[in-house]
Every structure is written in C-alpha cells, then in structure tokens.
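Q: I have a model open and would like to go through some of its local features. Could we begin with strand pairing?

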Amino acid sequence: MSLALPVTAEAEEKPTCETGFICPIVTVPGDPGGGTEGGDAGGGGGDTGGGNSRYTCTYTLGDPQPGDDSALWGPGGRKPGVSMYIQDCLDNATGMHDIKNIFTDAPPGGGGPVIDPATVARHAVDKMRLRPPAIGITPKPGGTGVVGMPVYMWTETGPETYGPNVASASVGPVSVTATARVSKIVWSMGDGKTVTCTTAGTPYKPEYGKKSSPDCGHHYDKPSSTTGSGTYHVTATSTWSIDWQVTGGAQGGQLTEIRTSAVDINVAEVQVLN
C-alpha cells in the first residue's frame with residue numbers, strides 16, 4: 001500500500017512516494033499531534049486534525065529521509081531527532097484532503113509507526129535478480145527441425161532463472177524474508193498454440209530419438225515457412241511466485257512477478273524422393 005499524492009504546486013516541489021520515498025503506512029484517527037516543526041504550515045500538529053473525529057489522518061514516513069542539508073528542513077538544516085512524514089488528513093464530512101510534509105521528533109499520533117510488512121517484502125523482492133527463462137529448445141535456433149518430430153522445451157535452472165531465490169529486507173523494526181520460485185512457464189509456440197509447463201522441462205539428448213518430452217514438449221504439424229516471417233517465434237513466460245514471511249512473526253503473504261524471453265526456430269517438411 002502506498003500513498004498517492006494529488007498534483008498540487010506544493011506537492012510537486014517536495015519528494016513524494018512516487019519520487020523516491022519508501023512509504024510505510026501509519027493510520028491515526030483525529031489529531032495528528034506530536035509535531036515540533038511543521039512543513040509550510042508551522043507546528044507539526046497543524047490545525048487539520050484538531051482532535052476532531054471528523055478527520056482521519058494518514059502518515060507516511062520518508063525513508064530515506066531528505067539529506068541533512070536539504071531545504072525541506074528549513075533554515076539550519078535537519079535538527080537532531082527530527083524526521084519527515086507526509087501527512088494526509090481526510091475531512092470525512094467533505095471528502096477533501098489536506099496534504100503536507102510535517103517534521104516531528106515524535107511519531108505522529110503519539111504512537112510508533114506501523115510499518116506495512118508487504119511494503120518491506122517488495123523491497124526484498126527488489127533485491128532479487130529474477131530473470132526470464134534461459135530457453136533451451138529443439139530444434140536449436142539457427143538449426144532446422146522437422147514437422148511431426150518432438151520439440152523439447154526447457155530452461156536452465158538456478159536461483160536467477162528458476163529459483164529458489166531468497167532475499168531479506170528491513171524497514172525500521174520490521175524484517176521480511178522473501179523466497180521466489182517459478183511456478184509455471186507458459187510457452188507460446190508461434191503456431192497459435194500454447195503449452196503450460198509446471199517443471200523446468202527436460203533437456204533433449206540424442207539418445208531420446210523420437211520420444212516425446214516427458215514433461216514439456218510440442219509437435220508442429222506445419223512448416224514454419226507457412227508463417228509470414230518464415231520462422232516460429234517462440235516465447236517463454238515465467239510466473240515467479242514469491243512467498244514472504246515476517247521474521248519472528250506469523251504474518252506473511254505472496255507476490256507475483258512475470259518474466260518473458262523468446263527465440264525463433266525453423267521447422268521444415270521432410271522431402272521424399274521418388
């Protein structure tokens with residue numbers, strides 16, 4: 001979950017979630033409270049919340065914070081112990097939002113920030129290198145296959161191409177470990193057909209002869225010369241299923257990433273001589 005700031009002249013001049021800040025979400029009903037220095041409006045509590053339940057204020061903690069000499073901190077730069085939050089106060093009666101940067105030496109609302117573990121999980125995933133399938137196929141690109149002969153499809157296996165791929169990340173006190181594995185590869189064979197494989201596939205060996213692939217294969221019934229390009233454009237799309245778990249806690253969830261690679265192959269008909 002992230003906070004989307006409306007486009008205003010003031011917001012455009014300041015860092016937002018979309019321009020580089022990690023934004024764990026803190027939701028506090030009523031008075032923002034706790035501020036010692038407040039953005040453009042003065043005191044960090046401001047007059048938006050005012051202790052009135054008519055308002056619901058949401059805060060995002062800037063992470064990373066602006067540099068110590070950033071103009072956002074005002075004259076003299078950052079003061080010891082002060083942090084920047086983005087305050088979004090919703091007027092429940094009118095539906096209007098008042099959004100500003102506030103600077104406080106205590107968590108807004110009088111409590112510690114509640115960091116969304118799913119946000120931390122996304123940062124763990126960002127540390128991973130999840131590659132598309134490293135395609136293996138018969139016939140090989142540059143070679144020529146034969147109509148009706150078995151086509152084998154596979155991918156090289158490893159942490160970056162098939163998993164498991166493991167990474168961890170922390171924001172404040174919340175640490176998350178994420179584990180990514182390919183759950184399926186969908187092969188689009190270029191002839192209008194698709195093949196879904198739930199394994200990495202079996203690499204072809206000459207001793208297999210005319211046997212079909214045991215887990216990830218195809219047969220062409222027309223030569224590739226019947227296509228506009230003269231080749232079959234084969235794409236392989238991996239679905240990475242990513243399980244994440246909060247360290248020392250029961251909370252967890254799942255994310256998904258998609259990666260695609262492609263090759264072109266030639267398939268010909270057997271010419272029979274009389």
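A: β6 pairs with strand β8 (residues 150–155) in the antiparallel sense, over 4 bridges. Strands are DSSP runs of E with at least two residues, numbered from the N terminus, and two strands pair if DSSP finds at least two bridges between them. This is a predicted model, in which local features need pLDDT of at least 70 and side-chain atom pairs count only at pLDDT 80 or more, while totals for chains, interfaces and linings use all residues. Residues are numbered from 1 along each chain as its sequence is written, and side-chain values use heavy atoms, with hydrogens and water left out.

Q: Which residue of β8 stands opposite I137?
A: M153 in β8 stands opposite I137.

Q: What is the order of the strands in the open sheet?
A: The order is β6-β8-β12, and the pairing of these 3 strands is antiparallel. β6 (135–138) and β12 (217–219) each have a single partner strand, so one side of each is left without a neighbour in the sheet.

Q: Changing topic, how much space lies in the largest pocket?
A: About 190 Å³ lies there. A pocket is an open set of points on a 1 Å grid over the protein atoms alone, where a 1.4 Å probe fits, with protein on both sides within 12 Å along at least five of seven lines; lining residues have an atom within 4 Å of a point. The volume is the space filled by probe spheres set on the points, which are joined across faces, edges and corners.

Q: Which residues line it?
A: The lining includes T138, P139, M149, Y204 and Y220. β7 (144–146) and β8 are the elements that give two or more residues, and β7 gives the most, with 3.

Q: And the aromatic pairs: how many does a search of the whole structure find?
A: The search finds 4. Rings of Phe, Tyr and Trp (its six-membered ring) pair if their centres lie within 6.5 Å; planes under 30 degrees apart count as stacked, over 60 as edge-to-face and the rest as tilted. The rings of Y152 and Y208 have centres 5.9 Å apart and planes at 15°, so this pair is stacked.

Q: Which residues form the aromatic cluster?
A: Y152, Y204 and Y208 form one cluster.
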